[in-house]
Amino acid sequence: ERLFAVMKNETASREKKQDAIEKLNSKYGEYLDNTIKETDSVDNLSKAYDRLTASITEKYLAEQKAIITGTAQANYNDAESSLLGIIQSFSKEVGLSSRNQGSLLAEIQKVIGRYSKYWDAADIYNKILQTFKNFGAKGLSARDEGKLYSAVWDFKETQKILAATGRLSPV
């Protein structure tokens, strides 16, 4: 901003203007489609300044989106792993055979992959409980049901955040 002000200043010496031009072109040349010249009009300088600030803002926003998206994806992956880990540990506790444990986990992964974008946390939770029953598992304790619901809720919340970044279809 200060360098553009020097360029627009009618009373600034030719040397100061030339110094400002060199600094602008060396520091921000990648953002300016044409390099600035001493003969540029005030209008051209204003347009160049507007383009420069817009380019810097766009670059900053793109960098921030990449950071947020990466964090959202990592949180989503962690929540999904945690949910599947809880389901796996519960499948052992409720008396399922090793074979049924693997089948149960595969079935629940299908449910999560197929329906989680469209269902809310309560629907996913109920479908998981129903899947446990379908495999002949004895019921979960109230405490374990609470852990399961909490894991489903966390998964669903991270899924919504990831969807907001545009990396997952809307939930």
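Start by selecting Leu104, Glu107, Ile108 and Val111 in H4, then Lys127, Ile128, Thr131 and Phe132 in H5: these two sets meet. Contact here means heavy atoms within 4.5 Å. The model is predicted, so local features need pLDDT of at least 70 and side-chain atom pairs count only at pLDDT 80 or more, while totals for chains, interfaces and linings use all residues. Residues are numbered from 1 along each chain as its sequence is written, and side-chain values use heavy atoms, with hydrogens and water left out.

**Stop 1: H4 against H5**

Helices are DSSP runs (H or I, at least four residues), numbered from the N terminus. The two axes come within 10 Å and cross at roughly 155 degrees. That makes H4 roughly antiparallel to H5, a term for angles over 145 degrees. Axes are lines fitted to C-alpha atoms, for helices over the stretch in contact, and angles run from 0 to 180 degrees between N-to-C directions. The crossing of H4 and H5 is right-handed, that is, the near helix is turned clockwise from the far one by less than a right angle. Colour the contact by class: five residues are nonpolar, one is polar and two are charged. Ala, Val, Leu, Ile, Met, Phe, Trp, Tyr, Cys and Pro count as nonpolar, Asp, Glu, Lys and Arg as charged, and the others, Gly among them, as polar.

**Stop 2: threonine 131**

Stay in helix H5 and pick threonine 131. Is threonine 131 buried or exposed? Threonine 131 counts as buried, at 3% relative accessibility. Buried means under 20% relative accessible area, with a 1.4 Å probe and protein chains only. Leaving aside neighbours within four places in sequence, threonine 131 is in contact with Leu104, Glu107 and Ile108.

**Stop 3: H5 against H6**

Now select residues 121–134 for H5 and 142–164 for H6. Their axes are 9 Å apart, at an angle of about 135 degrees. On the H5 side, show Ala121, Ala122, Ile124, Tyr125, Ile128 and Leu129; on the H6 side, Glu145, Leu148, Tyr149, Val152, Trp153 and Lys156. The contact has 10 nonpolar, no polar and two charged residues.

**Stop 4: lysine 156**

Click lysine 156 in helix H6. Lysine 156 is buried, with a relative accessible area of 5%.

**Stop 5: the core**

Which residues have the most contacts inside the largest nonpolar core? They are Leu83, Ile87, Ile108, Ile128, Phe132, Leu148 and Val152, in a core of 27 residues. A nonpolar core is a set of buried Ala, Val, Leu, Ile, Met, Phe, Trp, Tyr and Cys residues joined through side-chain atoms within 4.5 Å. H3 (42–93), H4 (98–115), H5 and H6 each supply at least two residues of this core. H3 gives the most, with eight. Centre on isoleucine 87: beyond its neighbours within four places in sequence, it is in contact with Leu105, Ile108, Ile128, Phe132 and Leu148.

**Stop 6: alanine 79**

Finish in helix H3, at alanine 79. At 10% relative accessibility, alanine 79 counts as buried. Not counting residues up to four places away in sequence, alanine 79 touches Asp154, Phe155 and Thr158. Glutamate 157 is 78 residues from alanine 79 in sequence, and 9.1 Å in space, C-alpha to C-alpha.

Notes. Buried means under 20% relative accessible area, exposed over 50%, partly exposed in between (1.4 Å probe, protein chains only). Angles under 35 degrees count as roughly parallel, over 145 as roughly antiparallel, 65 to 115 as roughly perpendicular and the rest as oblique.
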